[in-house]
Amino acid sequence: MPVSGGKDFLAEPPLALTGAGADFGAVDAEEAWIAVIRKMDEAYAELVRQQVELEAKNAALEEAQGFIAGLLGSMTDVLVACDLSGRVEQVNLAAERAFGQLAEGLVGRPLADLIDASSPTTAADVLATMGMRQRIADREFTLATTDGPLPVAVNGAVRFDPRGRAVGIVLVGRPIGELRAAYHELAQAHEHLKRTQQQLVHSEKMASLGRLVAGVAHELNNPISFVYGNAHALKRYAERLIAYLDQVHGGANGPALAKARGDLRIDRALSDIPATLSGMLEGAERVRDIVADLRRFSSDRREAREVFDLAGVVRSAVDWVAKSQMPDLAILVDVPEGLEAVGHPGHIHQVMMNLVQNAVDALEGRPERRLEITGARLDGPGAPRVVVRVRDSGPGIPEDILGRVFDPFFTTKPVGKGTGLGLSICYRIVEEHEGRLEATNHPDGGAVFSLILPAGRP
Ligand SMILES: Nc1ncnc2c1ncn2[C@@H]1O[C@H](COP(=O)(O)OP(=O)(O)O)[C@@H](O)[C@H]1O
Ligand SMILES: [Mg+2]
């Protein structure tokens, strides 16, 4: 087999080979020589290829390491990697800064060394959680740093090798000192606000309860004094009748009896008794009606909706709120009997009481005090509706706050007088009735609130 002339380094066989292959013929020796050279050539090429590959891998590895180091270095969160026994294997720059020590001072130490005695979560907790292959999610730790205890929120996970075996733990912590302080303050402020609001809601409830009681007491006062006065008269009549009957039973005769009858004014008593009794009855009935209204309108029970008479609701609300607080108020109620709405009469009564109360508030200190409440059916397309309008002769609602009067806690009244909840409660109630509550000002002055509700029977 001819040898290519290009490879002149093959012209002289190496000495060792010459020696070892001394017995071969010249041609055989040359062929063997060529085969060896070729093998060497191949081996060398393979070596070069592997070297290049290795270098490429090395470069990739270095790049990856650089990338990871860069990541770890630029992380603002504290990173600590441990083995399964809790011995620290690696930390990042943020950890060095947080602990106030270089990596050399941290690596190799047990995790427990890095956690402060006051920590809500301990190294043992971490190892136990990791032992169960569970994650640590947002747990609070206190790190032991050279600057003292440092609270951090920690997330942690088990580290696995490429074959899926657990090899260690990675913990990442974020200092929560400032964040927590800010959060704490916020939570406290929120808590405070909630409490204040609850107190306000409570005082609004107490205030309307107080108004209700005052109004009802005022309302009851009339018929009760009526009953009381008549009962007194009846008692006197009864005393005179008994005295007269005593004489009759004692056997008093003609002229003596006639004298007693005159002295005791028996005829007058007898003629007055029916009127006195019916007066009492009337008063008792009025009391009964007021108590029935009170039951009906003050109950907070959510019964099924019913068709109810608006005139009764309006009358009672006006009686209870306005009459007791503002005896000189000129009240005009024009709500036709039989104007019916669908809903909870008690809740609508509460709305009416609030609207009347606001009108009374607006009229305080005004020279002319008028309250006008009108009711009507609303004609138009869609489901039949009714409207009740409450108008007062107060100053009206300034345009710039007209859009806010239904907001919870919006009030222009001094502390202790208004809670700003009345209208927002009304609004919610009316919304639940699929109705509408609107605030406007009358062209001739004063506020007008329109309560629109689904109508009952036509
Ligand atoms: N009839 C009215 N006339 C003028 N302003 C009113 C009237 N009704 C309500 N307002 C305004 O709406 C605000 C909110 O009313 P409301 O929710 O009942 O709370 P509050 O009565 O406790 O202030 C009142 O503070 C007042 O400024
Ligand atoms: Mg109010």
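In this predicted model, a polar backbone atom of Thr419 lies 2.8 Å from an oxygen atom of ligand 1, and a backbone N or O atom of Gly422 is found 3.5 Å from an oxygen atom of the ligand. On its own the ligand has 530 Å² of accessible area, and the protein covers 94% of it.

The shell around ligand 1 draws two or more residues from each of helix 11 (345-363), helix 12 (422-432) and strand 12 (447-454). Of the 18 residues around the ligand, those that come nearest are Thr411, Thr412, Lys413, Gly420 and Leu423. Sorted by class, the shell holds 8 nonpolar, 8 polar and 2 charged residues.

Elsewhere in the model there is an open sheet of 5 strands, ordered 2-1-5-4-3 and paired in the antiparallel sense. Because strand 2 (88-91) and strand 3 (136-145) stand at the edges with a single partner strand each, one side of each is left without a neighbour in the sheet. Neighbouring strands of this sheet are turned against each other by 30° on average, direction ignored.

Helix 6 (residues 123-131) lies across strand 3, strand 4 (148-160) and strand 5 (166-175), and its direction makes an angle of about 150° with strand 3.

Terms used:
Residues are numbered from 1 along each chain as its sequence is written. Chains are lettered from A and ligands numbered from 1 in the order in which they are written. This is a predicted model: local features need pLDDT of at least 70, side-chain atom pairs count only at pLDDT 80 or more; totals for chains, interfaces and linings use all residues. Side-chain values use heavy atoms; hydrogens and water are left out. Two strands pair if DSSP finds at least two bridges between them. Helices (H or I, at least four residues) and strands (E, at least two) are DSSP runs, numbered from the N terminus. Axes are lines fitted to C-alpha atoms, for helices over the stretch in contact, and angles run from 0 to 180 degrees between N-to-C directions. Contact means heavy atoms within 4.5 Å. A residue is near a molecule or strand if one of its heavy atoms lies within 4 Å of it. A polar contact is a pair of N or O atoms within 3.5 Å; within protein, one must be able to donate a hydrogen and the other to accept it, and residues adjacent in sequence count only if both atoms are side-chain atoms. Accessible areas come from the Shrake-Rupley method with a 1.4 Å probe; for residues, only the protein chains shown count as cover. Ala, Val, Leu, Ile, Met, Phe, Trp, Tyr, Cys and Pro count as nonpolar, Asp, Glu, Lys and Arg as charged, and the others, Gly among them, as polar.
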